[in-house]
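Dear colleague,

I am passing on to you the structure shown below, together with an account of what was found in it. Please read the account with the structure open.

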Amino acid sequence: MSVKRERFENLTEMMERQARDFGDRPAFLYQSVELSEDHSVETKKKTVSFRKFQEDVDGRRRELKRRFPGTGTEGIITDGSYGCIVEIFAANAAGFTVVMLEPTKDAAVMKARIDGTDVSLLWTLGSAMRIREDISAGVPDRFLFFTSGTTESAKAVILTGTSLAASADNGSDRLPLSPEDRLLSLLPLCHVFGFVCGLLWPFSCGACTALGRGRRHITDDFDYYRPTAVSLVPVLFHFLLSRRIFNEELRIMLIGAGGCQKEDIRSAQEAGFLVSFGYGLTETSSGIAISTSGDPFAMDVCMDDTVSIAEDGEILVEAPTCMMQGYFRDRAGTAAVLKNGVLHTGDLGYLDENGRLHITGRKKDMLVLKDGTKIFLPEYEARIAGALRGLDFACAGDEDGVVLYYDGDRTEEETEKAIRDLMDHFPIGRQVRRIVRCKGPLPRNAAGKVVRRKLQEYAASDDQQGEETDADKGRNREEDSGNHSGRCAGNGEGGTDAGDKSENGDSH
């Protein structure tokens, strides 16, 4: 059963109240690696209570204040360990600005993010070190999370412990866990979905959080920890589901951060799992809506938020308790999306007759041709997916039409042949005009979504000219003769009816 309670004021107050209310109940479960008396390495499960967690955080907070007087900005390379979680809470309680950094082997990316956010203290591998004298004083209760865009486009978003606690409140109100639950945390804490839904959600409910042991153990962590709940991104959900490795105690799956295949949802539900979908953004401290009605794609708006739909279908959000304070040192970027307290999400969707939110895609996924014809690429991909079974592909393009990119052993000719009959049912202006075989995996961001801009850059390179399809040849012949009648709007082609919408949840 769920626990009804007053709302949390911030992360420190959340920690203190949970220590008071749940005391010696388990807050965290993780694998401990220790040296035995004979100097051999031993691994065992270690449990930390809510009370002990508060003691560890308070001790670390005092140590930070003693070793690093004053306040500054601490970058934390989020390795997902118990020590990392203690450091996050302690740095926040000590008044430091906390920058959530993703572990990466790309030194240039790490340096750019550290320099760009004035990090003066860096925590990694269990210890903190001063890397420069403070450039500026830290702002108490401030967190910087990077959006899950590409390296170049990722923005540092200013959140607070207060907004993150409110987001956890929203999630636990819509989808409560009980103190008897155990959630397996597998997602990176540097992304707001992983931090809120893989850590704060169970913690705020008094449930236990089992800390995943890293990529090598993803397939056996379920057997090791025996969780009752898990939060996943769609790519990981598909991977785990296809291998049927979920333990019998598992009952709740919260999916977010991208589109999910209906077949996967159906398979999980038939296996008896409660599958909920979450929609949110870094800019709103994660949660905006969560599905609880049985239909994973019909999401109930969270209690603090108001959602409306613009004339062009864009989702607009008012989230006074969870909204970002802005993009770090980017007033123009902030003003472009946050207008009079309303966030213009860039996502497309609609509200059904019950007020539940359905996500249909991204405005950036709309391809507009020279004649004004609009092609919503996720719906387009869904229509041709059946002809390309087993192929990892995505569509992008330019004003002239659709370009199909894929990774696989097939030749361009074989791929073109696979979609030829289907293309005959599309107006020529909406047919695939070119096919490009990529040299490696399709470029994806941290949330597993294909980065269409990168596809276009890939195609522009000299050695990736691609294969001109029959549709493209036909287009060229028509344009040479001055006949443009085949490029009119599709009159329903592309699945524009409400029942044919591409369904996904997104958490940036």
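This is a predicted model: local features need pLDDT of at least 70, side-chain atom pairs count only at pLDDT 80 or more; totals for chains, interfaces and linings use all residues.

W201 sits in helix α6. Apart from its neighbours within four places in sequence, W201 is in contact with G171, S172, L175, L177, L183, V196, I252 and L254. Of L183 in particular it can be said that 18 residues separate it from W201 in sequence, while the C-alpha atoms of the two are 9.2 Å apart in space.

The cavity

The structure holds 1 cavity of 30 Å³ or more. The space in the largest cavity comes to about 140 Å³. It is lined by 16 residues, and those closest to its centre are C197, L254, S286, G287 and I290. L254, named here, is also among the contacts of W201. Helix α6 (192–204) supplies at least two residues of the lining, and so do α5 (161–174), β14 (274–281) and β15 (286–290).

The sheet

An open sheet is formed by 7 strands, in the order β6-β5-β3-β4-β7-β8-β19, with mixed pairing. Its edge strands, each pairing on one side only, are β6 (127–130) and β19 (326–327). Helix α3 (residues 82–93) packs on this sheet and touches β3 (73–77), β4, β5 (121–124), β6 and β7. The direction of α3 makes about 165° with that of β3. Within the sheet, β4 (residues 97–101) and β7 (residues 142–146) run parallel and are joined by 2 bridges. V99 stands opposite L144 in β7.

The salt bridges

A search of the whole structure finds 22 salt bridges.

D24 forms a salt bridge with R51, and their closest N and O atoms are 2.5 Å apart. D24 is in the loop between α1 (11–22) and β1 (26–35), whereas R51 is in helix α2 (residues 50–67), so that this pair links distant parts of the chain, 27 residues apart. D24 counts as exposed because its relative accessibility is 62%, over the 50% cut-off. R51, at 35% relative accessibility, counts as partly exposed.

R60 and E87 form another salt bridge, with 2.6 Å between the closest N and O atoms. Because R60 lies in helix α2 and E87 in helix α3, the pair ties together parts that are 27 residues apart in sequence. R60 counts as buried at 11% relative accessibility, and E87 is also buried, with a relative accessible area of 2%.

In the salt bridge between D118 and R329, the closest N and O atoms are 2.4 Å apart. This pair links distant parts of the chain, 211 residues apart: D118 is in the loop between α4 (107–116) and β5, and R329 is in the loop between β19 and α10 (331–337).

Finally, R7, D169 and D304 are linked in a network of salt bridges.

With kind regards

How values were computed
Residues are numbered from 1 along each chain as its sequence is written. Side-chain values use heavy atoms; hydrogens and water are left out. Two strands pair if DSSP finds at least two bridges between them. Helices (H or I, at least four residues) and strands (E, at least two) are DSSP runs, numbered from the N terminus. Contact means heavy atoms within 4.5 Å. Axes are lines fitted to C-alpha atoms, for helices over the stretch in contact, and angles run from 0 to 180 degrees between N-to-C directions. A salt bridge is a side-chain nitrogen of Lys or Arg within 4 Å of a carboxyl oxygen of Asp or Glu. Buried means under 20% relative accessible area, exposed over 50%, partly exposed in between (1.4 Å probe, protein chains only). On a 1 Å grid over the protein atoms alone, a cavity is a set of points where a 1.4 Å probe fits but cannot get out, and a pocket is an open set with protein on both sides within 12 Å along at least five of seven lines; lining residues have an atom within 4 Å of a point. Grid points are joined across faces, edges and corners, and a volume is the space filled by probe spheres set on the points.
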